[in-house]
Amino acid sequence: MATHSLFLLPGDGIGTEIMAEVEKLIAHTNAKGWTDFTTENGLVGGSAYDAHGVAISEEDMEKALGADAVIFGAVGGAKWDSVPYEVRPEAGLLRLRKDLGLFANLRPAICYSALAEASSLKKELVEGLDILIVRELTGGVYFGEPKEITELGNGQKRAVDTQVYESYEIDRIARVAFDLAMTRGKKVHSADKKNVMKSGVLWDEVVRQAAGDYPEIELYHILADNAAMQLVRNPKQFDVMVTDNLFGDILSDAAAMLTGSLGMLPSASLGAPDAQTGKRKALYEPVHGSAPDIAGQGVANPIAMIASFAMALRYSFGMIDLAGRVEKAISDVLEDGLRTGDIMQDGCKRVGTAEMGDAIIAKLG
Ligand code: IPM
Ligand code: MG
C-alpha cells in the first residue's frame with residue numbers, strides 16, 4: 001500500500017481537541033491496514049504566534065508544501081485580538097491557502113436525516129438537503145492590493161480593500177464547479193453582484209463562457225444577496241453554487257446552519273493538478289472556527305473535522321470506499337442518538353468530543 005504523508009495543524013481553541021479525534025481515526029485505519037499514513041504535527045495561528053511570534057513558521061510552511069495533504073483544525077481567539085495584523089492567527093490560514101495555491105474550496109452542506117429537526121429551519125425544508133458550495137479561495141477582496149488604512153491628515157482615516165479577479169481565476173473555479181456538478185445534479189448557480197460590481201460583471205461573463213464546454217449543465221445566475229435569501233427560503237433548489245471568496249465565506253456559513261450546526265460542515269481546499277504528477281496540493285478543514293468559549297472542555301463537536309478527513313480520503317487519496325464508510329459511520333452514530341451539545345435534541349444522549357470520536361471509529365469496525 002502506498003504511504004502518504006499528512007501534515008496536521010490543529011491550531012487554536014477546540015482545534016486541538018477535534019484534531020485528537022482525527023489522530024485516533026488515522027491510528028485506527030493504519031492499524032487495520034486500510035491506510036498507511038505518516039503524520040507530523042505543526043503549529044498555526046495563535047499557538048504558532050506564542051511559540052514563534054508569527055502565524056506560521058517558515059519550517060511549518062515547508063512541511064505543508066511537502067505533505068500529500070494538510071489537515072487543519074481552527075485558528076483564533078480573544079487572547080490574540082491585539083497582536084499585529086500581519087501575524088494575527090487568521091494570517092497563517094490565509095498564507096497556507098495562498099502559498100499552496102488552494103483556489104478551489106469545496107463546502108458541502110448535507111443534512112443528515114437524524115438532524116433535520118436540529119436545523120433552525122422547518123424539517124421539510126432541509127430534510128435531504130445536499131448542496132455543494134464551491135468558493136474561490138485565493139483571490140478577490142481577501143488578497144487584492146491595495147489593502148490598507150491611511151491617515152488623511154485631517155483626523156480622518158481611509159480604509160481600502162480591493163476586490164480583484166482576473167479571468168483565468170474565474171474560469172478555473174467555474175470549471176471545478178461544472179466538473180463536480182457533472183457527478184451530481186448537473187445544476188450550477190453562479191452568485192455574484194454584477195448589478196454593482198465590475199468584478200461581478202466579469203465573473204458572470206467568464207462563467208457563462210466556460211459553461212459552453214459543459215452542454216449538459218443547467219447554469220443559473222443569481223445575485224449574491226438573493227442567494228442568501230433563497231438559501232434560507234428554499235435551500236433544496238440548489239445543487240452546486242459557485243461564488244467568489246467573500247460571498248462564499250458568507251453563504252457557506254448560512255448553508256452550514258441549515259444542516260443543524262456549524263459543527264457539521266467539512267471543507268476541502270484544492271490546488272490545480274500538477275502538470276507532471278497530476279497530484280493536487282490540498283488542505284482539509286472544518287468550516288467552523290476555534291470556538292474559544294467552549295475550548296478545553298472536551299465538549300466540541302468533532303464531526304466537521306472527521307468529515308473533513310473523509311474528504312481528504314476521497315479527494316487526495318482516491319479512497320472513495322473508505323471515505324464513504326467514515327461518512328456512513330457519522331450518520332450511524334447520529335441515528336443512534338449520540339449528540340454533542342451544539343446538536344443536542346430531546347431524547348438524545350449528550351456526549352463529549354472524545355466519546356463522539358470513539359463512537360464513529362467503533363462503527364467502522
Ligand atoms: C472560513 C473562515 C476564514 C475565512 C477566516 C478564519 C479567515 O471564516 O474559512 O470560512 O474568512 O475564510
Ligand atoms: Mg468563514
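## Around the ligand

Which residues are around ligand 1? In this predicted model, they are Glu90, Arg97, Arg107, Arg135, Tyr142 and Asp249. Three of these have a side chain with a listed distance to an oxygen atom of the ligand. For Tyr142, an N or O atom of the side chain is 2.5 Å from such an oxygen. For Arg97, the distance from a side-chain N or O atom is 2.7 Å, and a polar side-chain atom of Asp249 sits 2.8 Å from a ligand oxygen.

Buried or exposed, what is Arg97? Arg97 counts as buried because its relative accessibility is 5%, and Glu285, at 4%, counts as buried too.

## An arginine without a salt bridge

Let's move to Arg88, which is found in the loop between β3 (69-74) and α4 (89-99). Arg88 is buried, yet it has no salt bridge.

What does the side chain of Arg88 reach instead? The backbone oxygen of Tyr85, at 2.8 Å. Setting aside neighbours within four places in sequence, Arg88 is in contact with Ala55, Val83 and Leu94.

How many salt bridges does a search of the whole structure find? The answer is 26. One of them joins Lys279 and Asp68, whose closest N and O atoms are 3.3 Å apart. Lys279 is in the loop between β11 (266-270) and β12 (282-286), while Asp68 is in the loop between α3 (58-66) and β3, so the pair ties together parts that are 211 residues apart in sequence. Lys279 counts as exposed because its relative accessibility is 52%.

Glu355 and Lys349 make another salt bridge, at 3.2 Å from N to O. Both ends are partly exposed: Glu355 has a relative accessible area of 39%, and Lys349 has one of 46%. There's also a network, in which salt bridges that share partners join Glu21, Lys24 and Asp358.

Helix α11 covers residues 320-335. Which of its residues are buried? They are Leu322, Ala323, Val326, Ala329, Ile330, Asp332, Val333 and Leu334. An α-helix has 3.6 residues a turn, so residues three or four places apart point the same way. The cover over the buried residues of α11 includes α1 (15-31), α10 (303-315), β13 (338-339) and α12 (353-364). Just past the helix, Gly337 takes a positive phi of about 95°.

Helix α7 gets the same length check. Its 14 residues, 198-211, should span 20 Å at 1.5 Å a residue, and the end C-alpha atoms are 20 Å apart, which agrees. The buried residues here are Ser199, Gly200, Trp203, Asp204, Val206, Val207, Ala210 and Ala211. What do they pack against? The partners are β5 (130-136), α6 (167-182), β8, β9 (218-223) and β10 (240-243).

Strand β8 (residues 187-192) is the place of His189. His189 counts as buried because its relative accessibility is 7%. Not counting residues up to four places away in sequence, His189 touches Tyr220, Ile222, Gln237, Phe238, Val240, Met241 and Val242.

Ile149 lies in strand β6 (residues 144-151). Ile149 counts as exposed because its relative accessibility is 63%. Where does Ala159 come in? Ile149 and Ala159 are 10 residues apart along the chain, and their C-alpha atoms are separated by 4.2 Å. With neighbours within four places left aside, Ile149 is in contact with Lys157, Arg158 and Ala159.

Definitions and conventions: Residues are numbered from 1 along each chain as its sequence is written. Chains are lettered from A and ligands numbered from 1 in the order in which they are written. This is a predicted model: local features need pLDDT of at least 70, side-chain atom pairs count only at pLDDT 80 or more; totals for chains, interfaces and linings use all residues. Side-chain values use heavy atoms; hydrogens and water are left out. Helices (H or I, at least four residues) and strands (E, at least two) are DSSP runs, numbered from the N terminus. The expected span of a helix is 1.5 Å times one less than its number of residues. Buried means under 20% relative accessible area, exposed over 50%, partly exposed in between (1.4 Å probe, protein chains only). Contact means heavy atoms within 4.5 Å. Lys and Arg count as positive and Asp and Glu as negative; His and the chain ends are not counted. A salt bridge is a side-chain nitrogen of Lys or Arg within 4 Å of a carboxyl oxygen of Asp or Glu. A polar contact is a pair of N or O atoms within 3.5 Å; within protein, one must be able to donate a hydrogen and the other to accept it, and residues adjacent in sequence count only if both atoms are side-chain atoms. A residue is near a molecule or strand if one of its heavy atoms lies within 4 Å of it.
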